[in-house]
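Thank you all for coming. I would like to walk you through one structure, moving from its domains to a helix, a strand and the cores.

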Amino acid sequence: MNSRSGSQAGAGDLLELVRSGRAVTRGALQQATGLSRATVGQRLDRLFRAGWLREGAGGPVDSPLGGRPSITLEFDGDHAVVLVADLDTRHARAAVLSLTGEILAEHSGTLVIEEGPDLVLAELGRWFGELLEKAGQRPGEVCGIGLAVPGPVDSATGRVVQPPMMPGWDGYDVTGRLSRALTEHAGAPPVPVLVDNDANLMAYGEQRAGHPDCAAFVLVKVSTGIGAGVVVDGSIYRGIDGGAGDIGHIRVGADALCRCGSYGCLAAVASGGAVARRLAASGVPAASGSDVRDLLAAGHPEAAALAREAGRRVGDVLATVVTLLNPGVLMIAGDLAGTPFLTGVRELLYQRALPRSTAHLDVVTSRLGERAALIGAGALVVEHLYAPERVEERLRALGV
Ligand SMILES: [Zn+2]
């Protein structure tokens, strides 16, 4: 095991062993930690009293220590809920999740990020209140909130840092405002709020759901903008202040004006927004990445040709990304992620990257679709709150 062992292993370490599936019986926990049967029993009792553990539904299994078959233990994913939301530029999606990521209630609708954080987060608080009612959950059962935003986030502070697509959000206290909005609209006590970039959370959700054994996973989201999320050894790689993966503003030498104010960014020529602008200029009604997605779904030939060209632009940049990171999976997600775009990505990626870095690379499309960031946000909150170093303090707060 990689956590503390022997007499140092606390209730949090036992919970971690059970949640990860590495040890799910009392005997296996004794073996993994070196703790006595009595000590394991005492620590498990606290977790049972908190409602965090329950006996598994699968029935007894053989014990590694021999003797009678043992009852299996599992994390009780229903003792609390997480509220999650994914903000796009003109649209948002929110949900109530169980701790194991099951969607209990969901809502999506128009929410314009340019209206600024105060209005947008107040409205999200209202959505959360309604969703809790819809899911039949009490406000006191909310253990945390996870929020995905389309911009760079300093995860230490939860603040958005110079976001090109989020005017008015730079440095704003998102976590404080959202926690307050939940109290205002649902009467819930303050809870921890984790904010992260949408591509990061999509990558985290997708890696856990579909590629848990992939030690280097890259997701590229191509919607109104372009961003990438990187998951290394099961953790989001953010760089030193949340800037990792912001590939949309790499200069690719074109002369188009980008939303960030610079000319020639990748996003200015190859995003859903850029394709929409080119379609509109030739008389096809399209204003956003989601309009392009609809045209692609309907097999519109000009949209398909432009998406393929955009794919080639992105593929060129991804050749560098893949050479640097040597990922096992490169997932293409977002509004443009269909066959024409993927074809374009593959054309340039395999042409420009070293064969060595693409030999074991799978280029795939999303499995969780529009829910990827929600699922990733929920998982991030749960991993944060139930991490061994936080369990002791939380158990004491519960009085167990
Ligand atoms: Zn830019």
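The C-alpha centres of domain 1 and domain 3 lie 44 Å apart, and these domains, whose bounds come from an automatic or database domain assignment, are domain 1 (6–75), domain 2 (81–199 + 374–398) and domain 3 (209–370). Please keep in mind that this is a predicted model, in which local features need pLDDT of at least 70 and side-chain atom pairs count only at pLDDT 80 or more, while totals for chains, interfaces and linings use all residues. Residues are numbered from 1 along each chain as its sequence is written.

Let me turn to helix H13, residues 372–385; helices (H or I, at least four residues) and strands (E, at least two) are DSSP runs, numbered from the N terminus. Eleven of the 14 residues of H13 are buried, so this helix is largely enclosed by the rest of the structure; buried here means that 20 or more other C-beta atoms, placed from the backbone, lie within 10 Å of the residue's own. Among the buried residues are Ala372, Leu374, Gly376 and Val382, and what covers the buried part of H13 includes strand S3 (81–87), strand S6 (142–149) and helix H6 (198–210).

Next comes strand S10, residues 216–222, where six of the seven residues are buried.

Which residues touch the most other members of the largest nonpolar core? They are Leu147, Leu219, Val314 and Leu318, out of 103 residues, where a nonpolar core is a set of buried Ala, Val, Leu, Ile, Met, Phe, Trp, Tyr and Cys residues joined through C-beta atoms within 7 Å. Helix H10 (residues 301–325) supplies the largest share of this core, ten residues. Because domain 2 and domain 3 both give residues to this core, it lies between them. Leaving aside residues up to four places away in sequence, Val314 touches Val220, Val222, Ile226, Leu266, Ala270 and Val345, a contact being two C-beta atoms, placed from the backbone, within 7 Å. Apart from this core lies another, of 19 residues, among them Leu15, Leu35, Leu47 and Trp52.

Notes. The expected span of a helix is 1.5 Å times one less than its number of residues. A residue is buried if 20 or more other C-beta atoms lie within 10 Å of its own, exposed if 12 or fewer, and partly exposed in between; C-beta atoms are placed from the backbone.
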